[in-house]
Amino acid sequence: MNEKLVYDTWEKADIPTFSSESDTKGALETLQWAYGHYGDTLVYACSFGIEAIVLLDLISKVKPDAKIVFLDTNLHFKETYETIGKIQERFPRLNIHLQQPGLTLEEQAEKHGEELWKTNPNLCCEIRKVIPLRKAVESHEAWITGLRREQSESRKNTNFLNQDHKFKRIKVCPLIHWTWKEVWRYVYKHDLPYNKLHDQGYPSIGCAPCTLPTHNMEDLRAGRWSGHQKVECGLHESAPNS
């Protein structure tokens, strides 16, 4: 019997390959394998950005009651929360959980000072995103994310399946070969609800204080953490295949 592919067996287990030549460029095949392999020990850490909308639709075809976790920093745009509501209406069987940080915004301000995202954005992300995700995945063997190779230089070597050293899990990335245009083409074709901030110059949408509109299509994340030497929130900062 083949060894199950989990973080600790990465070197010994058979790692499946998926063709990027399928209708979904390997995304649906990756999800089918992942849910078949991990079952309920697989969770999707969902941003509810445009890539997430595609993944939610694909996931609903494979596992309609899949576990979805949203890292609710309490700093998101109102449009993001509205999008979550629309997705819940469209896919009522999805098990969507809003993961809360250990500190409220008031407690964080008391401990670290007001508007920590301005003075120390890395610490703010650690408290409100990284630690909550670690808690969310601790009872799971693998997690799904919507990374695409086209998104940034730091993501260009991402694979369908990755050994995630930060969270000691398998990181499943079904959309690695999708382009920005293909993502939007899929959303329009299937008439999927999405965050309307995308129509206002926000290709990548994070927390409201740290996200600005940008029309730099060479770097779809250019509007994140403007003025700081920071390109990731900490969830995907490790080297490729980690």
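1. Axes here are lines fitted to C-alpha atoms, for helices over the stretch in contact, and angles run from 0 to 180 degrees between N-to-C directions. Helices (H or I, at least four residues) are DSSP runs, numbered from the N terminus. The model is predicted: local features need pLDDT of at least 70, side-chain atom pairs count only at pLDDT 80 or more, and totals for chains, interfaces and linings use all residues. Residues are numbered from 1 along each chain as its sequence is written, and side-chain values use heavy atoms, with hydrogens and water left out.

2. Start with H1 and H2. Helix H1 (residues 27-38) packs on H2 at an angle of about 50 degrees, and the axes lie 10 Å apart. H1 and H2 are therefore oblique to each other (under 35 degrees counts as roughly parallel, over 145 as roughly antiparallel, 65 to 115 as roughly perpendicular, the rest as oblique). H1 passes H2 in a right-handed crossing (the near helix is turned clockwise from the far one by less than a right angle; anticlockwise is left-handed).

3. From H1, the contact (heavy atoms within 4.5 Å) takes in Ala27, Leu28, Leu31, Gln32 and Tyr35; from H2, Leu55, Leu58, Ile59 and Val62. By class, the contact of H1 with H2 has eight nonpolar residues, one polar and no charged. Ala, Val, Leu, Ile, Met, Phe, Trp, Tyr, Cys and Pro count as nonpolar, Asp, Glu, Lys and Arg as charged, and the others, Gly among them, as polar.

4. Next, H2 and H7. H2 (residues 50-62) and H7 (residues 180-189) pack at about 55 degrees, their axes 9 Å apart. That makes H2 oblique to H7. The crossing of H2 past H7 is left-handed. On the H2 side the contact residues are Ile50, Glu51, Ile53, Val54, Asp57, Leu58 and Lys61; on the H7 side, Trp180, Val183, Trp184, Tyr186 and Val187. The contact of H2 with H7 divides into nine nonpolar, no polar and three charged residues.

5. The largest pocket holds about 270 Å³ of space. A pocket is an open set of points on a 1 Å grid over the protein atoms alone, where a 1.4 Å probe fits, with protein on both sides within 12 Å along at least five of seven lines; lining residues have an atom within 4 Å of a point. Grid points are joined across faces, edges and corners, and the volume is the space filled by probe spheres set on the points.

6. Which residues line the largest pocket? Asp23, Thr24, Lys25, Leu28, Leu58, Lys61, Trp178, Glu182, Arg185, Tyr186, Lys189 and His190 do. H7 gives the largest share of the lining, four residues. H2 and H7 each supply at least two. The lining has four nonpolar, two polar and six charged residues.
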